[in-house]
Amino acid sequence: MIAPHPDDEVIGAAGLIARLRRHGARVRVAVVTDGAASHRGSRQWPRARLVAARQRESLHALRRLGIVAGDVSFLNLPDGQLPSIPGRCYRALRRQVARCRDLDLIVGPACDDDHPDHRAVAAAVARCPGGAGRLTYRVWPPRPDRSGPAWRIAVPGGVPVKRSLIHVYRTQLGAVSDDPAGFTIARHELAAFARPVERYRPGSR
């Protein structure tokens, strides 16, 4: 499972992760960026504190889904800058994929996601060699994705469980209050992200 930012792993694939773990599958998660761009103007949350908090949030949410910390990798590429460093992004993901010798499925962002970092990760994943199956999820824009054929996964526990997992990411829900230009998940975005059914499309390889 590949997440461009800390929180995309739950927004994009919490249901899939939960179901795979219930069937005994090992799930590894790679978080590509450091997440530091969400609140650049905060003095109370300088970069090091924000990055550490966002990593803790990911680890906490993933632990609730049955993922141990040893199966979570933070690649720490610069948040918001992936389109300008495509080679570095590709090399980091290629190394990550190569470490997983028993890999049979790669889940990552869709190539038509509205976020530039997500599209950059999608392009890098598409270049990674290997015979593993590929599935993609879309986070932005926060509305149902009805394009093309898809595989649907119901989130165990439905909306309440998905919402509670997203609420783990407090830094993205108003905990950082001293940066007027900082990012906060809006109410309508949270409602869309907490949908009870996740939708995946086949990915290219």
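Good morning. I begin with a charge above a ring: R49 lies over the face of W45, at 3.7 Å from the ring centre. A charge counts as sitting over a ring if NZ of Lys or CZ of Arg is within 6 Å of the ring centre and within 35 degrees of the ring normal. In another such case, the charged end of R127 is placed over the ring of Y90, 3.8 Å from its centre.

Please note that this is a predicted model, in which local features need pLDDT of at least 70 and side-chain atom pairs count only at pLDDT 80 or more, while totals for chains, interfaces and linings use all residues. Residues are numbered from 1 along each chain as its sequence is written, and side-chain values use heavy atoms, with hydrogens and water left out.

Let me stay with R127 for a moment. R127 belongs to helix α4, residues 116–127. Helices (H or I, at least four residues) and strands (E, at least two) are DSSP runs, numbered from the N terminus. R127 is exposed, with a relative accessible area of 52%. Here, buried means under 20% relative accessible area, exposed means over 50%, and partly exposed lies in between, using a 1.4 Å probe and protein chains only. R127 and L93 are 34 residues apart in sequence, yet their C-alpha atoms are 9.5 Å apart in space.

How many aromatic pairs does the structure hold? There are three aromatic pairs. Rings of Phe, Tyr and Trp (its six-membered ring) pair if their centres lie within 6.5 Å; planes under 30 degrees apart count as stacked, over 60 as edge-to-face and the rest as tilted. W140 and F193 make an edge-to-face pair, with 5.2 Å from centre to centre and 85° between the planes. This pair links distant parts of the chain, 53 residues apart: W140 is in the loop between β5 (133–137) and β6 (151–154), and F193 is in helix α6. Both W140 and F193 are buried. The ring centres of W151 and Y200 are 6.3 Å apart and their planes stand at 50°, so this pair is tilted. W151 is in strand β6 and Y200 in strand β7, so the pair ties together parts 49 residues apart in sequence. Finally, W140, F183 and F193 form one aromatic cluster.

The next topic is the interior. A nonpolar core is a set of buried Ala, Val, Leu, Ile, Met, Phe, Trp, Tyr and Cys residues joined through side-chain atoms within 4.5 Å. The largest core has 32 residues, of which M1, V10, I17, L65, I166 and Y200 touch the most other members. Helix α1 gives the most to this core, with seven residues. Contact means heavy atoms within 4.5 Å, and L65, leaving aside neighbours within four places in sequence, is in contact with V10, A14, I17, A18, R21 and L165. A second, separate core of 18 residues includes C89, Y90, I106 and A132.

Helix α5, residues 158–166, has G158, K162, L165 and I166 buried. Why do these buried residues line one face of the helix? Seen down the axis of α5, they fall within an arc of 100°, so they line one face; the arc is that of the directions from the helix axis to the C-beta atoms. They pack against α1 (8–22), α2 (47–64), α6 (187–193) and β7 (197–202).

What of the cysteines? A disulfide is a pair of cysteine sulfur atoms within 2.5 Å, and a search of the whole structure finds zero. The sulfur of C89 is 8.5 Å from the closest cysteine sulfur, in C128, which is too far for a bond. C89 is buried, at 1% relative accessible area, whereas C111 is exposed, at 63%.

I close with the backbone. Most residues other than glycine have a negative phi, and most peptide bonds are trans. The peptide bond from W140 to P141, however, is cis, with omega near 0°. D7, although not a glycine, has a positive phi of about 130°. D7 is in the loop between β1 and α1 and is buried at 6% relative accessibility. N76, also not a glycine, has a positive phi near 60°; N76 is in strand β3, residues 72–77. Thank you.
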